[in-house]
Amino acid sequence: MSSKGNDPPAPGGKFYITTAIDYPNSVPHLGHAYEKTVADFYARWHRQQGLDTHLLTGLDEHGEKIQEAAEKAGTTPQAFVDDQAKVFRALCQELEISNDDFIRTSEPRHHRFAAELFARLQARGDVYFGNYEGDYCISCESFYTDSQLQDGKCPIHGRPTERVKEESYFFRLGKYRPWIQEHIRSHPEFIYPEERRNEILSRLDEEVRDLSISRCTFNWGIPVPGDSRHVIYVWFDALSNYISALLSPRNLYERFWPADVHVIGKDIIWFHTVIWPCILHSAGHPLPRQVYVHGFILDREGRKMAKHLGNVVDPLEVARRHGPEVLRYYFLRAFASGLDGKFSLEELIERYHGELGNDLGNLILRVVKLVESKFAGCLAPGGAVEADLDPLPVEEEYARLVERREHHRALEALWAFIRKTNAYLNERAPWKESDSRANARTLYNALEALRGIASLLAPVMPRTAAAVAEQIGIPPAPGSLAAFGQTAYRVVRKGPLFPRLEAPPAAGAGGLPPAAHPQPSGPPAESDPFSWLDLRVGLIEEVKEHPNADSLYVLTVNLGSERRTVCAGLRKHLQPQELERRKVVVLANLKPAKLRGLESRGMILATDRRDGKVAPVDPGQAAVGERVQVSGIAGPAKPAITLKDFEKTPLRMKGGRVVYGEKPLWTSAGEVGCEAADGATVR
Ligand code: ME8
């Protein structure tokens, strides 16, 4: 086997990176968005380094599962996938994925190659005809052995499998076991991260059975060459996309194959690190250099996001609400490379305000303003340079971490540099300093730092990086960094890059939320007593009567990360069924108190209506566990507060909304409301 595929890409060489191709049986989910963002980051980085880069993504359109989805939708499989393809392409556009091609397995260019590959394996004597009997999970489109099933169910989806008995073509996978073992052992970089490599190596210690590579019980697929009763097994079909896409419309095979990185999730690692390499080896193609395995995006409870669990978050919705680049940043920074991570909109918003707004946004705003006011917007090289602010060492560190596929750490290194630059400015305080030469030096150094920051930010947030470059008057995303102290700057002041989220973003609005105001300085917002409160969206799961108090219910409230018992004085106002499954706002850090013998942990916010009834305030469709906020007031809640503390933050009704002072309380789903008259106190 050629070792060509295992040499690191030479400078000025090529970089071919792929994502898995998604099943379009349903709408795209966050996992799809995450995977594409990771692959896009690596593609953009290598492009920026001067490599001829090719990023491929696409759709896996055949198989029983798609045929069933089309039947349910009352249409043909082709019409169904044609419609779905529009949605998946829109996701790529929305997330600024710089894919060079989008392969669909129903395209003729793909059919041709997949059938050829099948025939090639047949010609090698690696395919035979036989009978198959096994347990099949249609969601995975995969057979499982008895030892892999968990309680007789699919280990991934937890659903019952189907006993399938049919005739089939088989690929002699078992024969290649020693060869693939040896390849993985002798190429430590072949599977990232190492835990996954070890997992595959230990699975390879067990028997490897030959692989069924055709199905004859449905027909939505590519016919087996010479036997149209069978269609090629969907995984064999799908894997071949990584080459079929290179063959047409232009033949890019010589230029780009073998792939440098296949980016995939951990549920499909066996297909990519064992089955695909063995198929390639049998057919005489060089192997991909690396299979990069990312973790799963989990929900708050640590469960995989999956349609059948009903916990799927729509990435298009998040991108539209919070800005596609904010989502990209969050994915790349907050989810450690190769590991699972929990998705939380609240964390995304916190990072938006902290890392993007306070650290990066503030830095650029301050520098540009000062260069404008003190030097008419222009600063030329000259004067001493501050070695500490030289971006080159940061670029080297960043590149080293990217090469090791630790992009989240590369971003940490970049942010450490951003903070260092902010600290440098604070220390020099050019806004107070009257010595013009000293100020020129300070600000020139800060501009140099910003030049490096713009460059390293480009693969993560391409538009933001271009905006930073524009504001300091340099071309967008320079390849490698020019030497320190050589660039002349002419700043152009624009609005803030990350305005504070003033009001809940309008649903469906593009880009960042509209109403916003810059807050580069001013008193620290944390001092406001509202920031002490931990107001959370809760879901009432159970309502019981308090055994010792006529006015109280004992509620079980789900707060996302935990369940609480809360005693609430709502019994005279609402029936249990009016409260069950209702979303409410909970003051979650109120000191626990015993109410008539039962401990209550938290308080449900409610207010008096005109008719004398008490009504809980309504957080609308907000996610369970989400924090309720007021714009411009951030900061960690206190571990515990008293009712007296709470009284320092008067909340009232105004125009159907709950307000603190004049500011409405909001969540990502909108403003928090209640049917009560203006002026009513919320408590
Ligand atoms: O597996 N978090 O398609 P797919 C992160 N068609 N990644 C996730 C995820 C989650 N919660 N859920 C899924 C297929 N993914 C096949 C691939 S490739 C030749 C054929 C990842 O739509 C998953 O691991 O089920 C996979 O890499 C990708 O999304 C597509 O998953």
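This is a predicted model: local features need pLDDT of at least 70, side-chain atom pairs count only at pLDDT 80 or more; totals for chains, interfaces and linings use all residues.
Axes are lines fitted to C-alpha atoms, for helices over the stretch in contact, and angles run from 0 to 180 degrees between N-to-C directions. Pro315, Val318, Ala319 and His322 of helix 11 meet Pro324, Val326 and Leu327 of helix 12, where contact means heavy atoms within 4.5 Å.

Helix 12 (residues 324-334) also packs with helix 13 (residues 345-375), their axes coming within 10 Å and crossing at roughly 95°, which makes helix 12 roughly perpendicular to helix 13. On the helix 12 side the contact is made by Val326, Leu327, Tyr329, Tyr330, Arg333 and Ala334, and on the helix 13 side by Glu347, Leu348, Arg351, Tyr352, Glu355 and Leu356.

Five of the five residues of strand 13 (residues 290-294) are buried, so strand 13 is largely enclosed by the rest of the structure; buried means under 20% relative accessible area, exposed over 50%, and partly exposed in between, with a 1.4 Å probe and protein chains only. Gln290, Tyr292 and His294 point one way from strand 13, while Val291 and Val293 point the other way.

Strand 13 is joined in parallel by two bridges to strand 7 (residues 191-192) and by five bridges to strand 12 (residues 261-265), again in parallel; two strands pair if DSSP finds at least two bridges between them. Tyr192 stands opposite Tyr292, and Val261 has Gln290 as its bridge partner. Strand 12, helix 10 (residues 269-283) and strand 13 make a right-handed β-α-β unit, a crossover being right-handed if, with the strands pointing away from the viewer, the path from the first strand over the helix to the second runs clockwise.

Three strands form an open antiparallel sheet in the order 9-11-10. Strand 9 (214-215) and strand 10 (223-224) are the edge strands, each pairing on one side only. Strand 10 is joined to strand 11 (residues 227-232) by two bridges, and Val224 has Asp227 as its bridge partner in strand 11.

## Two loop residues

Ala336 lies in the loop between helix 12 and strand 15 (341-342) and, at 23% relative accessibility, counts as partly exposed. Ala336 and Gly295 are 41 residues apart in sequence and 8.5 Å apart in space, C-alpha to C-alpha. Leaving aside residues up to four places away in sequence, Ala336 touches Tyr34 and His408.

Thr487, in the loop between helix 17 (462-472) and strand 17 (489-490), is buried, with a relative accessible area of 15%. With residues up to four places away in sequence not counted, Thr487 touches Pro381, Tyr444, Glu448, Arg451 and Ile474.

## Domains and basis of the values

The protein is divided into domain 1 (14-295), domain 2 (341-490) and domain 3 (529-682), with bounds that come from an automatic or database domain assignment. The centres of domain 1 and domain 3, taken over C-alpha atoms, are separated by 49 Å.

Residues are numbered from 1 along each chain as its sequence is written, and side-chain values use heavy atoms, with hydrogens and water left out. Local features need pLDDT of at least 70 and side-chain atom pairs count only at pLDDT 80 or more, whereas totals for chains, interfaces and linings use all residues.

Conventions:
Helices (H or I, at least four residues) and strands (E, at least two) are DSSP runs, numbered from the N terminus. Angles under 35 degrees count as roughly parallel, over 145 as roughly antiparallel, 65 to 115 as roughly perpendicular and the rest as oblique.
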